[in-house]
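Hi everyone, thanks for coming.

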Amino acid sequence: MEERVRELARAVRPPDGAAAGAARERHRRLIKPPGSLGALEELGARLAAMAGECPPPVPEHPAVVVAAGDHGVLARGVSPWPQEVTAAMVAGFCSGGAAVNAIAEAVGARVSVLDVGVASPLQPHPRLRSAKVRPGTRDISREAAMSREEAARAVISGAGIAGELVESGADLLVTGDMGIGNTTPAAALVAAFTGRPAREVTGRGTGIDDDTFRLKVRVIEQALELHGPETADALGVAAALGGLEHAALAGVILEGAARRVPVILDGIAANAAALVARYLAPECAGYMVAGHLSAEPGAGAALKHLGLEPLLDLGMRLGEGTGGLLAAPLVRAAAAVLARMDTFESAGIAEG
Ligand SMILES: Cc1cc2ncn([C@H]3O[C@H](COP(=O)(O)O)[C@@H](O)[C@H]3O)c2cc1C
Ligand SMILES: O=C(O)c1cccnc1
């Protein structure tokens, strides 16, 4: 399975710098003052680089993958919510009543759920893909979360669902997550890959008090000390410190990148997964779009490390893919501007 992850990483080609250059040049000729569309202009250039053509295709069919898993480290008391909420929320994603469903509908996106590690049994549902690698991770502060083989299997499951979505018409992927306790391994991954201290990248997750926050930082410090992560071995870092959903989302990102499909990152889980993907295949950062800046401090630290500027900053801190989905219309608009606007020449307008 590790070899399949390496193969997937090798399949990621560098984004096309010439197409990005053509997009920047085209932006100067469109009927608007140069630079007036702000961040949409550079986003358009990046989309051209991802697609390898200018103008880039306008994505019409966004799809969010909500990867779900449970966490042994929850036993340390790092979240106020019980583990059963993970399975209950997965049922909610299937029946359509969660935040991700409402927001996906608002932006015209499809929702798929991937169980890579939910501890409780789940009812089958057409929207739910069962690919359970193990029923939750082990406690990262005491032992490795999972084996390398298990991490690789989760990566390949995420890649598999992303590949199927693209083959059935999805042209814009969004990462989503569900897993009570998962902001702890996410912060551990961010600390490991960015080299920042745990206290700088740890957040309050679903909402914890000061004592629990101090405990959470200590738990992450213990995990980092125990495993001594080496960023050159990204799969090993993911296996030691991560969650199954983080590994799966790294697979979603790698598969999207390998297929030259933009991948919008949601919050802290996605940002941590993006670091795993980036250290497996450096070029895949070129296919990532930072949908929003989560209120979790680790999210901003990860995005900075990846060199990504978030499109939105709405004070959101939910996960599930919600903030990423909200950026989907911006991605469409950035491509549409390049594809549909007139140039000064074609419109017969004299340039200023
Ligand atoms: C009802 C509910 C719905 C959620 N949807 C996403 N999360 C988010 O919160 C969890 C991570 O926060 P922590 O590490 O503090 O547990 C993840 O499941 C994440 O997806 C939720 C959390 C809850 C409680
Ligand atoms: O912003 C996020 O992704 C987030 C924040 C808190 C809890 N779960 C997710």
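Let me begin with a helix pair: from H1, Glu2, Arg4, Val5 and Leu8 meet Arg148, Ala152, Val155, Ile156 and Ala159 of H6. Sorted by class, the residues of this contact are six nonpolar and three charged, with no polar ones. Please keep in mind that this is a predicted model.

How do the two helices cross? The axes of H1, residues 2-10, and H6, residues 148-167, come within 8 Å and cross at roughly 45 degrees. Angles from 65 to 115 degrees would count as roughly perpendicular and those under 35 as roughly parallel, so H1 is oblique to H6. As for the hand, the crossing of H1 and H6 is left-handed.

Now to the ligands. Which residues come nearest to ligand 1? They are Ser79, Thr183, Gly205, Thr206 and Gly319, out of 17 residues around this ligand. Helix H4 (84-95), strand E4 (172-178) and helix H7 (183-194) are the elements that each give two or more residues to that shell. By class, the shell around ligand 1 holds nine polar, six nonpolar and two charged residues.

Then there is ligand 2. Around it you'll find Thr183, Gly205 and Thr206, then Asp266, Gly267, Ile268 and Ala269, and also Ser294, Glu296, Arg317, Leu318 and Gly319. This shell divides into six polar, three nonpolar and three charged residues.

Next, helix H5, residues 99-107. Which of its residues are buried? Val100, Asn101, Ile103 and Ala104 are. What do they pack against? Just after H5 comes Gly108, which takes a positive phi of about 75 degrees.

Last stop: Arg340, in helix H15, residues 328-340. Is Arg340 buried or exposed? There are 10 other C-beta atoms within 10 Å of its own, and 12 or fewer count as exposed, so Arg340 is exposed. For a sense of distance, take Ala170, which is 170 residues away from Arg340 along the chain: the C-alpha atoms of the two are separated by 21 Å.

Methods: Residues are numbered from 1 along each chain as its sequence is written. Chains are lettered from A and ligands numbered from 1 in the order in which they are written. This is a predicted model: local features need pLDDT of at least 70, side-chain atom pairs count only at pLDDT 80 or more; totals for chains, interfaces and linings use all residues. Axes are lines fitted to C-alpha atoms, for helices over the stretch in contact, and angles run from 0 to 180 degrees between N-to-C directions. Helices (H or I, at least four residues) and strands (E, at least two) are DSSP runs, numbered from the N terminus. Angles under 35 degrees count as roughly parallel, over 145 as roughly antiparallel, 65 to 115 as roughly perpendicular and the rest as oblique. A crossing is left-handed if the near helix is turned anticlockwise from the far one by less than a right angle, and right-handed if clockwise. Two residues are in contact if their C-beta atoms, placed from the backbone, lie within 7 Å. Ala, Val, Leu, Ile, Met, Phe, Trp, Tyr, Cys and Pro count as nonpolar, Asp, Glu, Lys and Arg as charged, and the others, Gly among them, as polar. A residue is near a molecule or strand if its C-beta atom, placed from the backbone, lies within 6 Å of it. A residue is buried if 20 or more other C-beta atoms lie within 10 Å of its own, exposed if 12 or fewer, and partly exposed in between; C-beta atoms are placed from the backbone.
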